[in-house]
Amino acid sequence: MNGRQTERVMQRLDSFRIELPSWGFSNTGTRFGKYLQPAAALTIEEKFSDAAQVHRLTGACPTLALHVLWDLPNGAADVAQIATLAARHGVAPGSINPNLFEDQRYKFGSFGNPDASVRQHALQHARDSVDIARRLTSRDVVLWFADGSNYPGTANIRRRKAWFEEHLAAVHGDLTGDQRMLVEYKPFEPAFYHTDIADWGMALSFARAAGPRARVLVDTGHHYQSQNIEQIVAWLLAGEMLGGFHFNDRRYADDDLTLGSIDPFQVFRIFHEILFFEWESGTRADIAYMIDQSHNLKGKIEAMIQTVMRAQELYAKAALVDYDRLASAQARCQLVEAESVLQDAFSSDVRPAIAEWRRTHGLPPDPLAAFNESGYLERITADRGGRTSATSSYA
Ligand code: LRH
Ligand code: MN
């Protein structure tokens, strides 16, 4: 890489921030069980403490996504405690995620439930979450719904669509200031016949119908096998409807594996579409980059640091694309030329430039090595070990 390229990487890293999920630090599992880690975070204080470690070592994760029932079980009454912890650990509360799937009454859905009292309960929780976000000066409320059905004929899909439009508009009505609501889609799981918000088109339609503060959230694990995710990203960018990402990786379905562990070129292609859009439009895309993973086998903090380092690396590679050369090759249908512009960037070793960026920001050149040498894991294993944590809930 030449000096100009190194400069571009440094500039891009200066503004690259990625949000950590509180649930990525606690014991999570699959339906076949949960393997408990003695150092796993159980309390919200421990989640902030672990997130602070990742931010201290990477300089790229100033916010922590919170899941309302898991992190604020008493709702607004927990806001003061969260604010205290955020100040103590130097990590701000990030996106607020209502939980519209764990409560027993959501067996047949939340916003899509035929029982009006359940829809009302779900709506109230979503509105309380908007209120919590305002009190915590969190900008984004992320709405993901497990709603759907398992057997043909058991759900009136059109009626449920109408209920979703009605309730999403009501939530939108509560947003103030620069708040946004991000509508997250998912093709299946836990529902296996139909899911009410199953793909980007449905999420886009709901977001547009809800109002101007609504955007679409792309969880990279929420796509059919051969779906072209970066094309969805390009479409949402063109429509100024891309609100953010939940990054993870997968081999099969919503595997929630660590970013770039299976298909790093996929993440590169997504970052490329965003940076190419910004170059061409001369604007900054207003995107919330977030991680949504469950570390069932890897050490949780280790996996989180690995994820942030990988995200920085793939973002830096995408920043090296030569847009003039690309645009000219695309215009002249020079296929090999255009393709190699991307492959040259993807094949560039940006790690020395990233290490330099870290040095100039007083950060360890290798955050993972620094973490392993810090003694933090040994300390929390001693402090937290021997506890038994719930093996029932997701996180
Ligand atoms: C659903 C999902 C959603 C979260 C949950 C933890 O699969 O991606 O974003 O609420 O994971
Ligand atoms: Mn997600």
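User: Hi! Where is the place of E189?
Analyst: Hello! E189 sits in the loop between β6 and β7. Helices and strands here are DSSP runs, with helices being H or I of at least four residues and strands E of at least two, numbered from the N terminus. This is a predicted model: local features need pLDDT of at least 70, side-chain atom pairs count only at pLDDT 80 or more, and totals for chains, interfaces and linings use all residues. Residues are numbered from 1 along each chain as its sequence is written, chains are lettered from A and ligands numbered from 1 in the order in which they are written, and side-chain values use heavy atoms, with hydrogens and water left out.

User: Thanks. What's phi of E189?
Analyst: Phi of E189 is near 70°, which is a positive value in a residue other than glycine. E189 has a relative accessible area of 35%, so it is partly exposed. For the classes, buried means under 20% relative accessible area, exposed means over 50%, and partly exposed is in between, using a 1.4 Å probe and protein chains only.

User: And the peptide bond from E189 to P190, cis or trans?
Analyst: The E189 to P190 peptide bond is cis, and its omega is near 10°.

User: What about phi of E240?
Analyst: E240 has phi near 50°, a positive value in a residue other than glycine. You'll find E240 in the loop between α8 and β9 (242-247). Its relative accessibility is 60%, so E240 counts as exposed.

User: Let's move on to L237. Buried or exposed?
Analyst: L237 counts as buried because its relative accessibility is 4%. L237 belongs to helix α8 (residues 229-238).

User: Which residues is L237 in contact with, leaving aside its neighbours within four places in sequence?
Analyst: With those set aside, L237 contacts L242, E273, I274, F277, A285 and I287. Contact means heavy atoms within 4.5 Å. L237 and D286 are 9.6 Å apart in space, C-alpha to C-alpha, though 49 residues separate them in sequence.

User: Now the largest nonpolar core. Which of its residues touch the most other members?
Analyst: Those are L20, F111, F245 and Y289, in a core of 107 residues. Helix α10 (residues 300-318) gives the most to this core, contributing 10 residues. A nonpolar core is a set of buried Ala, Val, Leu, Ile, Met, Phe, Trp, Tyr and Cys residues joined through side-chain atoms within 4.5 Å. In soluble globular proteins, nonpolar side chains tend to be buried together.

User: What does Y289 touch, not counting residues up to four places away in sequence?
Analyst: Y289 touches F16, R17, I18, E19, F245, F247, F271, I274 and Y315 on that count. Another core, of 5 residues, lies apart from the largest one, and V142, L217, A288 and M290 are among its members.

User: On to helix packing. How do the axes of α6 and α7 cross?
Analyst: The axes of α6 (residues 157-174) and α7 (residues 200-210) come within 8 Å and cross at roughly 50°. Axes are lines fitted to C-alpha atoms, for helices over the stretch in contact, and angles run from 0 to 180 degrees between N-to-C directions. That angle makes α6 oblique to α7. Angles under 35 degrees count as roughly parallel, over 145 as roughly antiparallel, 65 to 115 as roughly perpendicular and the rest as oblique.

User: Which residues in α6 and α7 meet?
Analyst: K161, F164, E165, L168, A169 and H172 of α6 meet F206, A209 and A210 of α7. Sorted by class, this α6 and α7 contact has 6 nonpolar, 2 charged and 1 polar residues. Ala, Val, Leu, Ile, Met, Phe, Trp, Tyr, Cys and Pro count as nonpolar, Asp, Glu, Lys and Arg as charged, and the others, Gly among them, as polar.

User: And at what angle do the axes of α1 and α13 cross?
Analyst: Helix α1 (residues 3-15) and helix α13 (residues 351-360) have axes that cross at roughly 55° and come within 9 Å. α1 and α13 are therefore oblique to each other. In α1, the residues T6, V9, M10, L13 and D14 meet A353, I354, E356, W357 and T360 in α13.

User: Last one: where is the place of E46?
Analyst: E46 is in helix α2. Its relative accessibility is 13%, so E46 counts as buried. Leaving aside its neighbours within four places in sequence, E46 contacts A40, A41, R384 and R387.
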